[in-house]
Amino acid sequence: MAQINSKVQTLIDAIPYFKKFYGKTIVIKYGGSAQTSDDLKEKFAQDIVLLTLLGIKPIVVHGGGARITELLTKLEIPSHFVDGYRVTCKESMKVVEMVLSGEINKNLASLLNHHGAKAIGISGKDSGIIKAVPKDGGKFGYTGDITEVNGDIINNLIKEGFIPVIAPIANGDEPNHPGYNINADVAACEIAMAVKAQKVIFLTDTIGVLNKQGELIQTLDKANVEMFKKDGTIAGGMIPKVDSCIEAIHNGVNKAHIIDGRVEHSILLELFTSDGIGTQFIRVDNPNNGIDIEKLLNS
């Protein structure tokens, strides 16, 4: 009986969060182990279906870096990263699109549909949803910077009851252009801004943003992020994530979160529990108000 009461209490405790997010759009960046572990894939699909049953409108934006690197290595196509961004040559762009728009996108949409969702797999190229230009003037090859996201098309899909599953590939400006590889973290936040999402959530292979002692930093704002980037606490692949989160929350998105996708049902834990998990990003008008900077730096 005690166990039953505990389960009931868990549901009751979640009711305020059910109400809070009912009818809201939430963008989820799907990557890391959650994307490669069969068991975590199933749990992820169950979470997305539950969100829709609760009246929440999820949008899934996925990466595929590990699979891309695996195929590029097999094909002996060189690949490297600068500041967390892949440098994409013309040959590797073909592999990027094959993996993202083909293999991963369609498999994920199929998995969600198998679990009872109404998912549709699309690329940023479809109907010109995502437009881009070469990042840093071409320094990163066919890796692009987003110039525009057509949020109306995505919202129309949601109105028709679909869960958009979006591959981060953008159109080029010429008919035969191979397109641009867009960092999935950046794409998720740009899409969140375009559709005026309530939240954007990143599933990663870390418990969140960590300090130099390897401990979780639970809350960050723009000023803290800049400090941590300067002292090297935030580096590498975490840079695009945190930069995107900060841009999102300062452009219409209420909150951004980086959470551990290796934890089963991590999305539900973040949305429907009072403690949440991972690192949250918030707007603070006064950088010295609300977050103890010294405590963060020394924790």
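**View 1. Asn 181 in strand 10 of the predicted model.** The model shown here and in the views below is predicted. Asn 181 belongs to strand 10, which covers residues 180–181. Its relative accessibility is 8%, and because buried means under 20%, Asn 181 counts as buried. The side chain of Asn 181 is joined to the side chain of Thr 88 by a polar contact of 3.1 Å.

View 2. Helix 5 consists of the 25 residues 90–114. At 1.5 Å a residue, these residues should span 36 Å; the end C-alpha atoms are 35 Å apart, which agrees. Helix 5 also has a bend of about 35 degrees, located at Asn 105. Just after helix 5 comes Gly 116, with a positive phi of about 105 degrees.

**View 3. Helix 6 against helix 7.** Two packed helices are described by the angle between their axes and the distance between the axes. Here the helices are helix 6, residues 151–159, and helix 7, residues 184–195. Their axes come within 8 Å and cross at roughly 75 degrees. An angle of 65 to 115 degrees counts as roughly perpendicular, and helix 6 and helix 7 are therefore roughly perpendicular to each other. On the side of helix 6, the contact is made by Gly 151, Ile 154 and Asn 155. On the side of helix 7, Ile 191, Ala 194 and Val 195 take part.

**View 4. Helix 7 against helix 9.** Helix 9 is formed by residues 238–249. Helix 7 and helix 9 pack with their axes 8 Å apart, at an angle of about 10 degrees. Because angles under 35 degrees count as roughly parallel, helix 7 is roughly parallel to helix 9. Helix 7 contributes Asp 185, Val 186, Cys 189, Glu 190 and Met 193. These meet Pro 240, Lys 241, Ser 244, Cys 245, Glu 247 and Ala 248 of helix 9.

**View 5. Helix 9 and its surroundings.** From its first C-alpha to its last, helix 9 reaches 17 Å, close to the 16 Å expected for its 12 residues at 1.5 Å a residue. Helix 9 is mostly covered, with 10 of its 12 residues buried. The buried residues are Met 238, Ile 239, Pro 240, Lys 241, Val 242, Ser 244, Cys 245, Ile 246, Ala 248 and Ile 249.

**View 6. Val 209 in a loop.** Val 209 is placed in the loop between strand 11 (199–204) and strand 12 (219–220). With 1% relative accessibility, Val 209 counts as buried. Leaving out neighbours within four places in sequence, the residues in contact with Val 209 include Glu 215, Leu 216, Ile 217 and Leu 220. Also in contact with Val 209 are Ile 234, Met 238, Val 242, Ile 258, Thr 279 and Phe 281. Lys 255 is 46 residues from Val 209 in sequence, and their C-alpha atoms are 15 Å apart in space.

View 7. Ser 37 lies in the loop between helix 2 (33–36) and helix 3 (38–53). A relative accessible area of 24% makes Ser 37 partly exposed. Ser 37 and Met 98 are 61 residues apart in sequence, and 21 Å separates their C-alpha atoms. Lys 43 is part of helix 3 and is buried, with a relative accessible area of 16%. Its side chain makes a polar contact of 3.0 Å with the side chain of Asp 39. Beyond the neighbours within four places in sequence, Lys 43 is in contact with Glu 264 and His 265.

View 8. Ser 127 is not a glycine, yet has a positive phi of about 55 degrees. Ser 127 sits in the loop between strand 5 (119–123) and strand 6 (130–134), and is exposed, with a relative accessible area of 61%. Lys 196, also a residue other than glycine, has a positive phi near 60 degrees. Lys 196 lies in the loop between helix 7 and strand 11, and is exposed at a relative accessible area of 69%.

Key: Residues are numbered from 1 along each chain as its sequence is written. This is a predicted model: local features need pLDDT of at least 70, side-chain atom pairs count only at pLDDT 80 or more; totals for chains, interfaces and linings use all residues. Side-chain values use heavy atoms; hydrogens and water are left out. Helices (H or I, at least four residues) and strands (E, at least two) are DSSP runs, numbered from the N terminus. The expected span of a helix is 1.5 Å times one less than its number of residues. The bend at a residue is the angle between axes fitted to the seven residues ending there and the seven starting there. Buried means under 20% relative accessible area, exposed over 50%, partly exposed in between (1.4 Å probe, protein chains only). A polar contact is a pair of N or O atoms within 3.5 Å; within protein, one must be able to donate a hydrogen and the other to accept it, and residues adjacent in sequence count only if both atoms are side-chain atoms. Axes are lines fitted to C-alpha atoms, for helices over the stretch in contact, and angles run from 0 to 180 degrees between N-to-C directions. Angles under 35 degrees count as roughly parallel, over 145 as roughly antiparallel, 65 to 115 as roughly perpendicular and the rest as oblique. Contact means heavy atoms within 4.5 Å.
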